[in-house]
Amino acid sequence: MEQVRTHADSGPLALPAGVPEQRGVPEQRSVPEQRGAAAWRHVPEQTRGEHTHSEAPLPRPRVERTSVRGQVLDALRTALVDGDLAPGEVYSAPALGDRLGVSATPVREAMQQLAREGAVEVVPNRGFRVTERTSRELAELAEVRALIEVPVMLRLARTVPAARWAELRPLAEATVVAAARGDRAHYAETDRAFHRALLALSGNDELVRVADDLHRRAQWPLPGGGPLTRRACLVADAAEHMALLEALEAQDLPVVQELVREHFTGAVD
């Protein structure tokens with residue numbers, strides 16, 4: 001029987017840093033930190049749209065609400081990659097809001113966005129079920145990514161000056177650092193940043209958007225922990241970034257093609 005998780009289930013979730021603090025607004029009591037790497041964030045009550053009867057509500061620009069919703073979305077995406085939101089489990093917006101220190105509304109809006117991306121599915125009157133990725137689904141995503149990106153990488157290898165590839169080395173090195181720490185969530189962010197930068201050299205913004213969406217969907221863990229939950233696999237994946245840059249700088253087209261294909265398919269082997 002499926003079980004709806006509540007904030008008492010104690011899986012660590014955290015809003016990213018940067019939630020605006022406001023003077024004269026009491027802060028909510030934070031939930032104790034569950035893991036050293038995951039810190040909970042205080043969200044001011046006024047940011048949540050609450051006010052007292054003795055105090056007239058101040059008008060707030062739309063950007064503030066969007067900021068909170070965006071940070072909730074980032075926190076939930078991190079929880080998906082990290083496995084804090086488990087595949088197959090059902091979570092309610094109010095319970096997740098309690099764990100994040102926000103109302104259910106921005107959580108529900110963020111979950112609706114994740115449903116459009118295919119990360120979760122709506123369970124009427126209960127909440128949202130985290131999608132379970134199968135090996136076949138991940139293999140299909142890898143195939144589509146290869147069909148899109150391999151021709152682009154080969155074209156760029158022939159036309160982009162070596163100096164431009166050297167400029168991307170810090171992004172590749174960032175993936176190596178995250179992999180060495182075994183930080184899955186940070187690795188997922190640096191991994192996508194590296195691939196976005198590669199494809200951005202094509203000058204095709206739509207290509208970058210579509211490829212990044214496929215990439216994000218491929219990062220969700222399998223039941224029981226997917227391949228990228230192991231540090232050794234993260235390290236090997238990051239090393240392929242460095243090797244790909246070297247091949248691109250050398251305009252070694254056969255190696256570029258092999259590395260890009262293996263980079264995608266290796267994540268689901």
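**Briefing: surface, cavities and salt bridges**

The protein exposes about 13800 Å², of which carbon and sulfur atoms supply 52%. The model described here is predicted. Of the 269 residues in the protein, 42% are buried. The secondary structure consists of ten helices and four strands.

**Overall organisation**

- Read from the N terminus, the elements follow the order β-α-β-α-α-β-β-α-α-α-α-α-α-α.
- Among the contacts with a separation of 6 or more, 70% are between residues 24 or more positions apart.

**The second largest cavity**

- The structure contains four cavities of 30 Å³ or more.
- Four helices each supply at least two residues of its lining: helix 4 (135-159), helix 7 (184-200), helix 9 (231-249) and helix 10 (253-265).
- Helix 10 provides the largest share of this lining, with four residues.
- The lining residues include Glu-149, Met-153, His-195, Glu-240, Leu-259 and Phe-264.
- Sorted by class, the lining of the second largest cavity comprises six nonpolar, three polar and two charged residues.

**Salt bridges between and within elements**

- The count of salt bridges in the model comes to 14.
- One of the salt bridges joins Glu-109 and Arg-69, whose closest N and O atoms are 3.7 Å apart.
- Glu-109 belongs to helix 3 (residues 104-117) and Arg-69 to helix 1 (residues 62-82), so this pair ties together parts that are 40 residues apart in sequence.
- Glu-109 is partly exposed, with a relative accessible area of 24%, and Arg-69 is also partly exposed, with a value of 27%.
- Asp-213 and Arg-217 form a salt bridge through their side chains, at 3.9 Å from N to O.
- Both Asp-213 and Arg-217 lie in helix 8 (residues 205-218), where they are four residues apart, about one turn of the helix.
- Salt bridges that share partners link Arg-192, Arg-196, Asp-212 and Arg-216 into one network.
- Asp-213 counts as partly exposed at 28% relative accessibility, as does Arg-217 at 25%.

**A further salt bridge**

- The side chains of Asp-183 and Arg-181 also meet in a salt bridge, with an N to O distance of 3.9 Å.
- Asp-183 is partly exposed, with a relative accessible area of 29%.
- Arg-181 has a relative accessibility of 47% and likewise counts as partly exposed, because a residue must be over 50% to be exposed.

Key:
Residues are numbered from 1 along each chain as its sequence is written. This is a predicted model: local features need pLDDT of at least 70, side-chain atom pairs count only at pLDDT 80 or more; totals for chains, interfaces and linings use all residues. Side-chain values use heavy atoms; hydrogens and water are left out. On a 1 Å grid over the protein atoms alone, a cavity is a set of points where a 1.4 Å probe fits but cannot get out, and a pocket is an open set with protein on both sides within 12 Å along at least five of seven lines; lining residues have an atom within 4 Å of a point. Grid points are joined across faces, edges and corners, and a volume is the space filled by probe spheres set on the points. Ala, Val, Leu, Ile, Met, Phe, Trp, Tyr, Cys and Pro count as nonpolar, Asp, Glu, Lys and Arg as charged, and the others, Gly among them, as polar. Buried means under 20% relative accessible area, exposed over 50%, partly exposed in between (1.4 Å probe, protein chains only). Contact means heavy atoms within 4.5 Å. Accessible areas come from the Shrake-Rupley method with a 1.4 Å probe; for residues, only the protein chains shown count as cover. A salt bridge is a side-chain nitrogen of Lys or Arg within 4 Å of a carboxyl oxygen of Asp or Glu.
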